[in-house]
Amino acid sequence: MSRVGVAFRLWPRTFHEEEASMSAFEHRTVMRQETIESLAVGEGTYVDATLGGGGHSEAILGAHPGARVIGVDRDPLALAAASARLDRFGARFTAVHGAFGELAAHLAARGLQRVDAIVADLGVSSPQLDDHARGMSFRGDGPLDMRMDPTRGETAAELIARLDDEALADVLFQYGEERRSRRIARCIKRAELDGQLTTTLELRRAVIRAVGPARVGGVDPATRTFQALRIAVNRELDELTTLLAAARDLLEVGGTLSVISFHSLEDRLVKRAFADRLAWAPLTKKPLTASDVEQAENPRSRSAKLRAARRLDESIGPMSAMRLRAGSRRDGEDDDGEDEG
Ligand SMILES: C[S@@+](CC[C@H](N)C(=O)[O-])C[C@H]1O[C@@H](n2cnc3c(N)ncnc32)[C@H](O)[C@@H]1O
């Protein structure tokens with residue numbers, strides 16, 4: 001990915017920069033094997049709702065010679081990189097530019113009413129974070145953008161300009177679980193009014209002005225603010241809520257949904273959706289986590305939690321569904337007891 005350093009430019013980039021960033025699109029797929037096993041479908045039509053670099057799609061297509069994958073991503077650069085990587089699978093792979101919150105429409109446009117499996121590996125990819133021109137990270141300077149899809153929607157700078165102190169504080173509190181949200185929001189708005197809030201490093205400085213610098217070896221004080229704004233800009237929790245509801249209609253009975261989340265706000269939504277035992281038979285008793293080896297090799301995998309569930313036939317009625325679940329519990333594979341969430 002092109003590192004932008006001190007000087008940065010807004011989109012669009014030159015053709016050569018596009019090419020360079022595509023060829024260096026490096027995202028290490030998290031829990032690759034566990035995801036394939038959790039999908040438990042075999043042949044059939046899969047949706048990879050978060051195509052990214054195409055790692056999970058590649059694993060599915062490689063593992064099941066009769067499988068077909070519809071890969072969805074909001075990020076045109078991810079789509080281009082994954083399409084190049086998956087080119088060898090020919091017509092078995094279809095790339096779709098768009099949000100997974102609109103999955104039903106994307107499938108309908110391709111003549112599909114139902115699919116056999118859906119996988120979602122949430123959040124952002126490493127190239128999105130590492131390319132400072134996208135404005136998602138405080139580790140380098142870039143415009144205050146943060147959009148996964150730079151072709152549409154409001155940027156972080158526009159969002160901050162639209163919100164007043166209180167509404168901004170609410171965003172930081174809700175999506176970043178930031179306890180000092182009011183103080184930080186006030187400092188951010190002051191910087192904006194002073195014309196000192198156009199870059200990621202200026203945003204970080206505003207946070208530090210509010211709460212003080214990082215302690216040596218501690219978490220950067222801007223971490224929660226950046227997470228919150230990125231979630232708000234991309235409406236990440238709304239997207240996930242819509243996907244979880246739509247998956248009930250889009251999956252064949254017996255089909256599976258597998259979701260990897262990276263923070264408790266997302267995991268809570270997945271856990272709640274799967275708690276509807278008329279619709280879902282959980283396939284993961286507790287959320288699966290990455291192996292020690294993977295966690296050592298890929299720090300990003302340390303916060304990953306994978307939950308999977310099989311779509312039940314709601315038309316058979318609650319009593320039959322309960323009997324089915326009781327049978328599953330005896331098999332010891334489908335019970336999802338309360339966990340730490
Ligand atoms: C963690 S990466 C996926 C990596 C991929 N599984 C792999 O192995 O290479 C998440 C991807 O999902 C995309 N994404 C996140 N939210 C999305 C949404 N609501 N709709 C479509 N794509 C989304 C991001 O643009 C990013 O490319």
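Is Val119 buried or exposed, going by its C-beta neighbours inside 10 Å? Let's find out together in this predicted model. Val119 has 27 C-beta neighbours inside 10 Å. A residue is called buried at 20 or more, so Val119 counts as buried.

Now let's see what surrounds this residue. Val119 sits in strand β4, which covers residues 115–121. Beyond its neighbours within four places in sequence, Val119 is in contact with several residues, including Thr35, Leu39, Tyr46 and Ser258. Take Thr35 as an example: Thr35 and Val119 are 84 residues apart along the chain, yet their C-alpha atoms are separated by 7.9 Å.

Next, step back to look at the sheet. Strands of a sheet pair through backbone hydrogen bonds, either parallel or antiparallel. Here, seven strands form an open sheet with mixed pairing, and their order is β3-β2-β1-β4-β5-β7-β6. At the edges you will find β3 (93–97) and β6 (280–282), each of which pairs on one side only. From one strand to the next, the twist averages 20 degrees.

Finally, turn to the helices. Helix α2 (residues 32–39) lies across β4, β5 (251–261) and β7 (305–311), and runs at about 160 degrees to β5. Helix α12 (residues 236–250) also lies across β4, β5 and β7. Its direction is at about 165 degrees to β4, the strand that holds Val119.

Key
Residues are numbered from 1 along each chain as its sequence is written. This is a predicted model: local features need pLDDT of at least 70, side-chain atom pairs count only at pLDDT 80 or more; totals for chains, interfaces and linings use all residues. Helices (H or I, at least four residues) and strands (E, at least two) are DSSP runs, numbered from the N terminus. A residue is buried if 20 or more other C-beta atoms lie within 10 Å of its own, exposed if 12 or fewer, and partly exposed in between; C-beta atoms are placed from the backbone. Two residues are in contact if their C-beta atoms, placed from the backbone, lie within 7 Å. Two strands pair if DSSP finds at least two bridges between them. Axes are lines fitted to C-alpha atoms, for helices over the stretch in contact, and angles run from 0 to 180 degrees between N-to-C directions.
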